[in-house]
Amino acid sequence: MMRILMEGIVHWAQMRMITTHCESDITYYPFDAQTCSIVISSWSYSNNEVTILFDNNPVIMDFFSENGEWVYAGYETSVYTEYRGDQIPFDMAKLQFKFVRRPGFMVMNIILPVIGLAILTSFVFKVGVDSGKIGYCLTVMLAYAVYLTLVADNMPTTSVHVSVLSLYNLMVLIAGILSIPITLFILRCHHNVSNDPVPKWLLSTTSCFQKFLRKFLRISVCFCCRKKDKISTEVNFLKSKTVSIIDVIENEAYKMKQDDKQELAWSEISGIWDDFFFTVYMVFVIVITTIMMTTLLIGYCVYGQDES
């Protein structure tokens, strides 16, 4: 529809619905913010014939309704010149819409269950040897595969940007896959009833695992001792009734040294391997979960909050 005023000004209003597609940046999904651009230009008339300008209020919000997944965070306008053909100038009007995703649904239904399954992956090494370790491991893996399918279905399909959540899921999935052959080896060691001697490479590897567990135990106890010093005035009356933690550690360390001198049995090796990999997996899951959540929250605060 066109309106021609007596001053010579022509208002041309085109009533139509336009569907546009924009590239998604899913790096911080589901704590992401997206910017979608619409470029308006004339392909037949240069800016010497047609000048494109934005009104003071180019976006009318009268028919806008809230969305359960996205929050409208505003818009920006810009007009620039593009030269085509024989350096003919054409006006290009660019309108950018900004949206911030609501992360509540994904956090409650995807992220928290995925983190819980990642933690359960570590506990396969605490399940009793005769209590179905392999069944437990495969069950957790299948549940994790189901949630990976849900994440893939809800996430935009693009290879331009890689999501931090996808990297986290991939690392946990690899750790879960590796836990299966490790568990099979532990079961084989535990159920080995032959009189064959333990190979030297296995004894040396198990000895390294024991040293790691001792150091990890000392670090944990030292941390506890520091906290104990801060509240020592409140628990002095208990010192006479309890055994010193340091004495217990020294006794345990002495027993471990004595055990090192003896040849380990197959069942003892399986127990040491269980303790070692439980510690490694738990530390691994805690570290990568902390890194993932910190990265997502920083991205949400920097990009999402600024735009909203």
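Is E76 buried, partly exposed or exposed? In this predicted model, E76 comes out as partly exposed, at 38% relative accessibility (buried is under 20% relative accessible area, exposed over 50%, partly exposed in between, with a 1.4 Å probe and protein chains only). Residues are numbered from 1 along each chain as its sequence is written, and side-chain values use heavy atoms, with hydrogens and water left out. Because the model is predicted, local features need pLDDT of at least 70 and side-chain atom pairs count only at pLDDT 80 or more, while totals for chains, interfaces and linings use all residues.

The partner of E76 is K98, and their side chains meet in a salt bridge at 2.6 Å, N to O (a side-chain nitrogen of Lys or Arg within 4 Å of a carboxyl oxygen of Asp or Glu). K98 sits in strand β5 and E76 in strand β4, 22 residues apart. K98 counts as buried, at 16%.

A search of the whole structure turns up seven salt bridges. Among them, E82 pairs with R84 at 3.0 Å; R84 is buried at 15%, and E82 is partly exposed at 29%. K126 pairs with D275 at 3.3 Å. K126 lies in the loop between α1 and α2 and D275 in helix α6, so this pair ties together parts 149 residues apart in sequence. D32, E69 and R101 are linked in a network of salt bridges.

As for helix packing, α2 (residues 133–154) and α3 (residues 164–190) pack at about 165°, with their axes 10 Å apart. That makes α2 roughly antiparallel to α3 (angles over 145 degrees count as such).

Conventions
Axes are lines fitted to C-alpha atoms, for helices over the stretch in contact, and angles run from 0 to 180 degrees between N-to-C directions. Helices (H or I, at least four residues) and strands (E, at least two) are DSSP runs, numbered from the N terminus. Angles under 35 degrees count as roughly parallel, over 145 as roughly antiparallel, 65 to 115 as roughly perpendicular and the rest as oblique.
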